[in-house]
Amino acid sequence: TYAKMATVSLSFNIDSPRWDQSTFVGRLKHFLNITDPRTVLVPEEELDQAKALVESCRAGLVPPGSSQEQLLYAKKLYDSAFHPDSGEKMNLIGRMSFQVPGGMAITGCMLQFYRTVPAVVFWQWVNQSFNAFVNYTNRNAASPISLRQIGVAYVTATSAALATAVGLNLYTKRAPPLLARWVPFAAVAAANCVNIPMMRQQEIINGITVTDENNNELGRSRRAAVKGIAQVVLSRITMAAPGMIILPIIMERLEKFPFMQRIRVLHAPLQVLLCGGFLLFMVPAACALFPQRCSLALADLEAELRDSIMAKHGDKVPYVYFNKGL
């Protein structure tokens, strides 16, 4: 049981990443591990037990007989379900491990039902509601945001997505069919450029906590927030791009075959499954584009913060570090 503890000298630090986070391949392996969609099915009780085990390991206490494999699996569950800043359990819909099942259903439907304005409006609204959950859940938790700000961010991003989707949908009515199929991606990209900065506006307004290499707090930086959020926007657009750009080409060619014309009712389920195939790789790959623990050169900080750090530490802190969020 997790209650019966014993002092154990572990040969590893449970918080140290298993793979080198300074390389893309190392980050990809890390995110393949923690965005595993199977962790969505893990019961709440098991997640709580995993958290208790991780916290016990941090204190140098583990249940007698625990193997390293058990500890690493507990850390995998912890990383998939609990926020890296606050340690609070994240809502299921907002977890990156839910991006594959949630994203494949919504993206598949956006790509399938793009012809009529009511369908475009409905599925873009569903997608932005989903994005709002994900962006709020994966924000830098040290920067609180009010319900009013969440509402404004949600309405603004949804409006941007709808304006882009409906506008382009009308514009491309006489364009080649493939061009019309790419409208959902343009809407998703435009909405991400609005949704994420709006949902995380407190970070831009007040700055986020930056630390030295040893996690000692140095102050708050708005420039660090801007860099982190810009990287997240790029990651999210990259996450959606292959499925929403390549899949329409595949579907357009498949739909010309007689057997596909006979099974029109299966086109939507097929698109959903194919989207899942793309997202299964693209979710961890997009998350791995940039290090989770982001860095910023001291010279690039605001003058006031830079001077404060130099006054206290001299030239011993060439870079500051912060959690960019996902």
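Contact here means heavy atoms within 4.5 Å. The structure is a predicted model, and the chain is divided into domain 1, spanning 24–80, and domain 2, spanning 96–323. By this criterion, twelve residues of domain 1 are in contact with 16 residues of domain 2. The centres of domain 1 and domain 2, taken over C-alpha atoms, are separated by 26 Å.

Confidence in the model was examined along the chain. The mean pLDDT is 82, and 95% of the residues reach 70 or more. Helix α1, residues 24–34, has the highest confidence, at 90, whereas strand β1, residues 6–7, has the lowest, at a mean of 41. Over residues 1–10 the pLDDT stays under 50, and for this stretch the model has 21 contacts beyond four places in sequence.

Helix α1 also contributes a set of buried residues: Gly 26, Arg 27, Leu 28, His 30, Phe 31, Asn 33 and Ile 34.

Met 110 lies in helix α4, which covers residues 99–112. Met 110 has a relative accessible area of 3% and is therefore buried, the cut-off being under 20%. Leaving aside residues up to four places away in sequence, Met 110 touches Trp 123, Gln 124, Asn 127, Pro 184, Val 188 and Met 244. Between the C-alpha atoms of Met 110 and Ala 189 the separation is 13 Å, and these residues are 79 residues apart along the chain. Ser 129 is located in helix α5, residues 117–137. Because its relative accessibility is 17%, Ser 129 counts as buried.

Strand pairing was found between β3, residues 208–211, and β4, residues 217–221. The two strands run in the antiparallel sense and are joined over four bridges. Within this pairing, Val 210 has Gly 219 of β4 as its bridge partner. Strands β3 and β4 form a hairpin with five residues between them. In the turn, Asn 215 has a positive phi of about 70 degrees.

The UniProt record, an unreviewed entry, places the feature "transmembrane region" at residues 151–171, 229–250 and 270–290. In the model, the chain over residues 229–250 is 100% helix and 0% strand. The end C-alpha atoms of residues 229–250 are 32 Å apart. Over residues 270–290 the chain is 86% helix and 0% strand, and the end C-alpha atoms are 32 Å apart.

The structure holds zero disulfides. A disulfide is a covalent bond between the sulfur atoms of two cysteines. For Cys 294, the closest cysteine sulfur is that of Cys 287, at 14 Å, so the two sulfurs are too far apart for a bond. Cys 294 counts as buried because its relative accessibility is 3%. Cys 57, with a relative accessible area of 7%, is therefore buried as well.

Conventions
Residues are numbered from 1 along each chain as its sequence is written. This is a predicted model: local features need pLDDT of at least 70, side-chain atom pairs count only at pLDDT 80 or more; totals for chains, interfaces and linings use all residues. Side-chain values use heavy atoms; hydrogens and water are left out. Two strands pair if DSSP finds at least two bridges between them. Buried means under 20% relative accessible area, exposed over 50%, partly exposed in between (1.4 Å probe, protein chains only). UniProt positions are given in the numbering used here, feature names are shortened, and annotations may be inferred rather than shown by experiment. A disulfide is a pair of cysteine sulfur atoms within 2.5 Å. pLDDT is the predictor's confidence in each residue, from 0 to 100. Domain bounds come from an automatic or database domain assignment.
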